[in-house]
Amino acid sequence: MTNSGRKNRQGRQARQVRTGAKRKQSVTRPLDHLTPGSLSSVTVCRCEEVSEAEVRRVIRMGYHSLEAVKRVLRTGMGHCQGRGCLKLIARLIQEETGIPASEQKMPRPRPPLKPLALGLLGSFGSDRSDTSDKSDEACT
Amino acid sequence: MKRSADVVVIGAGVIGAATGYYLAKKGLKVLVLERDFPCAGSTGRCIGGIRAQFSHDLTIRVMMESVRMFRGLADELGEDVEWFQGGYLFLAFDEKRKQAFLDAIAIQKTYGLDVSYIAPDECEKIAPGLDPTGLIGGAYCPTDGQANPFKVTYGYLEGIKRLGGGLVVGCEVKQVNKKGDRVISVTDAKGDEYACDMLLNAAGSWADEVGTMAGVKVPVTADRHESLVTEAVERVFDPMLVDYRSDGCYFVQHSGTGHFIGCYTPVPLVPGHNVDATDEFITEMPRRMVRLVPKLAGVKVLRQWAGSYEMSPDGNPLCGETPVRGLYVSTGMSGHGFMFAPALGKLMAEQMTAGRASIPLDEFFLSRSFGKAEAMK
């Protein structure tokens, strides 16, 4: 399950790819014109750089849900939070297992949905002046 | 349908997977039953930290063994588990915390752990960018580290399959069947029965429910802990930073990808299985991270989520035999299940097959009385 393309991956790259004209095509275009197998060299999840072949391999290992595939390959955990890849993977699961895409459970959307800077989010924090170390409950 | 195995494990989190693997290595046929999918519970929600800096003797010994095993886990499992020895740096902002660290270090050193109390300027060297305001020192162990919880769990599960065992997903155990005082099988929601000589309850924060099916009280309670992950950035520092203040936090930069991942312990605790994300966390956690390391202000948050710690009464694991013969338990990891898994999995496999582990686990036994709590939870 090594995923050689993952190292050195930069969010910037993923963000650039998703802007502009390509965006319109890739997510909204109907997929019915694609025949099984025609995606073999296609990157299914661009944020995490996961190919169709990798997804099929993991499904064949017995991981038959979007949640399970997500946890093996990180599909849906990147910058776009699965906007692009989840529908494609649902279709691959349908092809491989016969479980209809419409019956597959989508992973729960997680905030902030769009990447936001720590500094910006933190400016809404409580900013309590009490910074004393009084907690014996603290855990890691 | 009826299947049988030497050992049935309930729960495909890292504890069930690791224990199942070391049992399979002893030649036993292992079946892991999972209600949802592997890592669906606490394992898949943890941030992947691994440390031997604890205050309880047995925890230190087990965790030193676990760290040793993590080092060789990629070879053992044939899977890059992304082990990275970046260390843990616990920060002290007052004398009371400093003393607690010094007391723990004294115990840790008796077992030969490479750990020391260091001055603020040394903390800054280990964690460049750390704001030393109010800092009076830190406890640092360079041999602590991190790994990928998913890869470790899947590595163990694939190992079980290679050794002739199996994983059954979508299998929710509803009933534990006994003959006299001995467990003989379990039945799932679909009515399928799995016969076994030994049954391991590794159901994490649901282990109390599984215990009840067998008439065994397993005192675990779920506490919600929230986490977040940022985009990947170039390397900033290696160790896990732990800030124990009441509005503190802990976070680490992932070794391979460069994501920052972290969480904090809410005060007061939030009991229950609810894993919803909150607005409070998504604003508080960034504030606390930026206060500690100001230069992270521009790094973007990708996602927040929540998971359950399965808490035992004293913060230490609940392991070993139960009053029902053939039924074993391994849960109550209290937030440390991932880091415990290799050593505790191996030791529990010894306990289950030989009746005694090479590091005796008595102080973690379900039958113990719950006294002194872990000081470095």
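Mentor: Two strands pair if DSSP finds at least two bridges between them. Strands (E, at least two residues) and helices (H or I, at least four) are DSSP runs, numbered from the N terminus. This is a predicted model, where local features need pLDDT of at least 70, side-chain atom pairs count only at pLDDT 80 or more, and totals for chains, interfaces and linings use all residues. Residues are numbered from 1 along each chain as its sequence is written, with chains lettered from A and ligands numbered from 1 in the order in which they are written.

Trainee: In which sense do strand 3 of chain A and strand 16 of chain B pair?

Mentor: Antiparallel, over two bridges; strand 16 covers residues 300–311. There, B:Val301 is the bridge partner of A:Leu116.

Trainee: What is the strand order of the open sheet?

Mentor: Its nine strands run 3(A)-16(B)-12(B)-15(B)-14(B)-13(B)-4(B)-6(B)-5(B), and the pairing is mixed.

Trainee: Where is the kink in helix 9 of chain B centred?

Mentor: A bend is the angle between axes fitted to the seven residues ending at a residue and the seven starting there. Helix 9 (residues 337–354) of chain B has a kink of about 45° centred on B:Ala343. After helix 9 comes B:Gly355, with a positive phi near 80°.

Trainee: Is helix 9 of chain B mostly covered or uncovered?

Mentor: Mostly covered: 15 of its 18 residues are buried (20 or more other C-beta atoms, placed from the backbone, within 10 Å of the residue's own). In chain B, buried residues make up 59% of the 377.

Definitions and conventions: Buried ≥ 20, exposed ≤ 12 C-beta atoms within 10 Å, placed from the backbone.
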